[in-house]
Amino acid sequence: MILRTIVKKGWYQDSVALMRLSRDLGALPGVDLASAMMGTPHNKALLLEAGLLDAEGRAASANDLIVAVRATSEQAAGRALDEAALRLAAPTGSGPGAAAERRPRTLEAATRMLPGANLVLISVPGMYAAAEAMKALRLGRHVLLFSDNVSVGDEKRLKTFARRQGLLLMGPDCGTAIIDGVPLGFANAVPRGRIGIAAASGTGLQQVSCLIASAGEGISQAIGLGGRDLSEEVGGLMMEPAIDRLVADAGTEVLVLISKPAAPPVLARLVDRLRHTAKPTVICFLGGRPPAGLPAHVRFVPTLEEGAAAAVTLLRGTPPTPAPFGVPLEEAAELARQQAARLGPAQTGVRGLFAGGTLAQEALLILEPHLGPIASNLRTGAIPAAIHRVLDLGADEFTVGRPHPMIDGAIRRDLLVKEALDPSTGVLLLDVILGHGAHPDPAGELVPAIRRARDEARAGGRDLCVVGSVMGTPNDPQGYHDQVQRLETAGVLLLPSNAQAARMAALIVSRGACLAALRGGDR
Amino acid sequence: MTTPQQPFLGGELRVITVGLDLFWQELTRLGVPCVHVDWRPPAGGDPKMAAILAKLAGLGDGPDAAE
């Protein structure tokens, strides 16, 4: 094997662009392994571990870009490095007008280039993100802070300052927003309409907006708040101005507030605030219980699916018809029976692998009453040894220095195969997320991994059930129907929502034992 | 039924992106006025210097951090 390196001094490129470059170089003929990374000590350790660090790479500084290629011949290595040089010479990786684009070096310069810029979308590495956000706020612009790994202290300082200036600070760790019909971050192409959302949860916002779209309604505005906004420490600092703005917005007739469980004092303050509004509001706080003293125009629901349904019924003035599945329960039960028939008696575990944190949370909340303890990284403290697992692969421990699983599914693909090798795995439970900013072909990425997982199980004399939901709309860039079809062809049982997929998983592994609970409305 | 469509942020949405290029690409594809900052880590990527700069901006969790 030949190892060759080029080092571009003072050459910065974002982590996703570098990941794509690494992947494309690795696919070239004769290339065994390739990696493009900034020369930080952490990255150099990774390169060393991968056998990709030579003297040249070692000499690089944190401000330099290292491109390392291991190939079967000098020619193959040379070709790969030529390709890398070509890609790096282009102003951006791809995209319209790239060659003509003159890029400012600072935020201030950008505000001069784009007068009237009213939103700054920040996705730099976490350790620099707060300072960039503060710059934008001081320049009088709203901020969508996509970056995570920002401290709680900085979050409070940023939001306090933003409120004083009458500005929105959406984040940190805010993956999604929809402003004036424009999807920002990871949003889906949903129709414009009359329901407004404020969400401390990116995939929660996505799921609710997609379900609202499939019910034939639309979104006026969707404000992201960052995952911690309704925690006791942050105290709803951005939820409050978000509510005020949606209440004042003539285009919004119904509000939906979405979050993972909120701290009780924060919830109480919110309810107090809503007493002074009149717009119908759905509080969709996962797994929460309705607080006391809810005003008449406010509804409380514990799942995302019910959040969407309640918003639509409030808008239309029709009574809600909650059901565990979109099809009659007996039909769902028969489907579950057919799936369970493929499993051996030892295969009783649900293994949830989620790209969306709130979807993982919703699944956990639905599965646990039916199946008992579930091991999960969503909880702090000791994870119980349990036959069931639900993992949020977008959590910090999986994403420091790596692209989010909605952009690159490599970690999930590996875990799929790993879970298939476990003889107690009965059902693999997945979320497939479409929309702007997400992977261009999630089904294309997943299907080979699912096939590989099935092959591994088959080698152990086992079959597997794969259950999931595709979160998206027909207008999303990936092609919703095509994604669904390819997953179904690969044997994935798809349900119309994440909540229904979780219920189906419970029905399958329990061999129908939770049917009575579902029938009785215990969901 | 028509929906009143007032701009939510007080004017037409015009975005500056800092960080991942893919967000600039997506917005440009959608026809949203968008400029991407050619961002580099401050202080040549030195984390100590970056922390000092953050403190000067009133951030960071040390004892001198602004409230």
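This is a predicted model: local features need pLDDT of at least 70, side-chain atom pairs count only at pLDDT 80 or more; totals for chains, interfaces and linings use all residues.
Student: Which strands make up the open sheet in chain A, and in what order?

Tutor: The open sheet has three strands in chain A, ordered E1-E3-E2, and their pairing is antiparallel. Neighbouring strands in this sheet are turned against each other by 10° on average, with direction ignored.

Student: Which strands stand at the edges?

Tutor: Those are strand E1 (2-8) and strand E2 (31-38) of chain A; each has a single partner strand, so one side of each is left without a neighbour in the sheet.

Student: How many bridges join E1(A) to E3?

Tutor: Seven bridges join E1(A) to strand E3 (residues 65-71) of chain A, and the two run antiparallel. Within that region, A:Thr5 stands opposite A:Ala68 in E3(A).

Student: Which strands does helix H2 of chain A touch?

Tutor: Helix H2 (residues 41-49) of chain A packs on the sheet and touches E2 and E3 of chain A, while its direction makes about 170° with that of E2(A).

Student: Switching to helices, at what angle do H1 and H4 of chain A pack?

Tutor: Helix H1 (residues 15-26) and helix H4 (residues 74-89) of chain A pack at an angle of about 150°, with their axes 10 Å apart. Angles over 145 degrees count as roughly antiparallel, and H1(A) and H4(A) are therefore roughly antiparallel to each other. As for handedness, H1(A) passes H4(A) in a right-handed crossing.

Student: And which residues make the contact?

Tutor: From H1(A) the contact is made by A:Arg20, A:Leu21, A:Asp24 and A:Leu25, and from H4(A) by A:Ala80, A:Glu83, A:Ala84, A:Arg87 and A:Leu88. Sorted by class, the contact of H1(A) with H4(A) has five nonpolar and four charged residues, with no polar ones.

Student: What about E4 of chain A, are its faces covered or uncovered?

Tutor: Both faces of strand E4 (residues 119-122) of chain A are covered, with A:Leu119 and A:Leu121 buried on one side and A:Val120 and A:Ile122 buried on the other.

Student: Which strands is E4(A) joined to by four bridges?

Tutor: Four bridges join E4(A) to strand E5 (residues 142-145) of chain A, running parallel, and four bridges join E4(A) to strand E1 (residues 15-18) of chain B, also running parallel. A:Val120 stands opposite A:Val143 in E5(A), and A:Val120 stands opposite B:Ile16 in E1(B).

Student: What pattern does chain B follow along the sequence?

Tutor: Chain B follows the pattern β-α-β-α, and its secondary structure comes to two helices and two strands. Of the 67 residues of chain B, 46% count as buried.

Terms used
Residues are numbered from 1 along each chain as its sequence is written. Chains are lettered from A and ligands numbered from 1 in the order in which they are written. Side-chain values use heavy atoms; hydrogens and water are left out. Axes are lines fitted to C-alpha atoms, for helices over the stretch in contact, and angles run from 0 to 180 degrees between N-to-C directions. Angles under 35 degrees count as roughly parallel, over 145 as roughly antiparallel, 65 to 115 as roughly perpendicular and the rest as oblique. A crossing is left-handed if the near helix is turned anticlockwise from the far one by less than a right angle, and right-handed if clockwise. Contact means heavy atoms within 4.5 Å. Ala, Val, Leu, Ile, Met, Phe, Trp, Tyr, Cys and Pro count as nonpolar, Asp, Glu, Lys and Arg as charged, and the others, Gly among them, as polar. Two strands pair if DSSP finds at least two bridges between them. Buried means under 20% relative accessible area, exposed over 50%, partly exposed in between (1.4 Å probe, protein chains only).
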